[in-house]
Amino acid sequence: MPVLITSGIVCALRAHGEHGAVARLLTPDHGLVAGYVRGGRSRALRPVLLPGNAVKAEFRARTEDQLASLTVELEHSRAPLLGEPLPAAAIDWACALTAAALPEGTPYPTLYEALDGVLGAVEAAPAARGWAAALVRYELLLLAELGFGLDLSRCAATGTADELAFVSPRSAAAVSRAGAEGYEARLLPLPPFLLQGGAGHWPQIMDGLRLTGFFLERSVLTERRADVLAARERLVDRLKRAVA
């Protein structure tokens, strides 16, 4: 990657040196890419390098193994949303999850489009219910893209596709009401909107977050990546207060 010019979504930023920063962007064709931004913490660049912002990026590196230098130009700012508790928590979590979970340099075009869609939904929806289901679907897609997808096609116990209502925490497979009889307490609820589409009602959305959260914590956000779960806990707490 001597030179790469691409669009990207800012997912994470950390200080580097006295004034610089390392930014991690999700790009359409190259996946997660990191680069050093000279003056990245300056007054001019701080509003550009915010999580969720869309930028035009130019990466330059002498070798494939070298951290690239990065220059960015703002394409679309979502900064106004960061002053609102619920949208800010949703953007922080979606971007932090992406930066923590994905390996660098592996293309995930479907995830790029999905993340852009979730951020757009947060921006467009007047209330959290308009984007919360999209966030659950993004988490589900990310699990699948990383090889930890849930099998929601048929019941693991009976083999049928009727009345799927639970997911086994052990096999990550759907379980029907008949197949779950007597074991419901050991299973995770499967919200209908994940099978039927639509936004879902709040109890279903919270069940969806519980479902994806279980598998993200077990399979993806382990060890050093676990620290980003605090961002998810903030989001879930704010959603619960909003619903109450």
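**A guided look at the model**

Visitor: In the hairpin of β6 and β7, which residue takes a positive phi near 60 degrees?

Guide: This is a predicted model, in which local features need pLDDT of at least 70 and side-chain atom pairs count only at pLDDT 80 or more, while totals for chains, interfaces and linings use all residues. Residues are numbered from 1 along each chain as its sequence is written, and side-chain values use heavy atoms, with hydrogens and water left out. The hairpin has six residues between its strands, a strand being a DSSP run of E of at least two residues and a helix a run of H or I of at least four, each numbered from the N terminus. The residue with that positive phi is Ala 172.

Visitor: Which residue of β8 stands opposite Phe 166?

Guide: β6 also pairs with strand β8 (residues 188-189), again in the antiparallel sense, over two bridges. In β8, the residue opposite Phe 166 is Pro 189.

Visitor: How many degrees does the twist average from one strand to the next?

Guide: The strands in question form a closed barrel of five, in the order β1-β2-β3-β5-β4 and with mixed pairing. From each strand to the next, the twist averages 50 degrees.

Visitor: In the hairpin of β1 and β2, which residue of the turn has a positive phi of about 75 degrees?

Guide: β1 and β2 run antiparallel and are joined by seven bridges, with Val 10 standing opposite Leu 25 in β2. Three residues lie between the two strands of this hairpin, and the one with the positive phi is Gly 17.

Visitor: Why is β2 described as largely enclosed by the rest of the structure?

Guide: β2 also pairs with β3, antiparallel and over seven bridges, in a hairpin with three residues between the strands. β2 is largely enclosed because the number of its eight residues that are buried is seven.

Visitor: Which residue in β5 is the bridge partner of Gly 35?

Guide: Strand β3 (residues 31-37) and strand β5 (residues 68-76) pair in the parallel sense, over two bridges. In β5, the partner of Gly 35 is Ala 68.

Visitor: What angle does the direction of helix α1 make with that of β1?

Guide: Helix α1 (residues 85-101) packs on the sheet and touches β1 (3-16), β2 (20-27) and β3, contact being heavy atoms within 4.5 Å. Axes are lines fitted to C-alpha atoms, for helices over the stretch in contact, and angles run from 0 to 180 degrees between N-to-C directions. On that basis, the direction of α1 makes with that of β1 an angle of about 100 degrees.

Visitor: Which residue's backbone oxygen lies 2.7 Å from a polar atom of the side chain of Arg 232?

Guide: Arg 232 lies in helix α7 (residues 229-243) and is buried, with a relative accessible area of 9%. Its side chain makes a polar contact with the side chain of Thr 212 (3.2 Å), such a contact being a pair of N or O atoms within 3.5 Å, where within protein one must be able to donate a hydrogen and the other to accept it, and residues adjacent in sequence count only if both atoms are side-chain atoms. The backbone oxygen at 2.7 Å from a polar atom of the Arg 232 side chain belongs to Leu 209.

Key
Pairing = 2+ DSSP bridges. Buried < 20%, exposed > 50% of the residue type's maximum accessible area, 1.4 Å probe, protein only.
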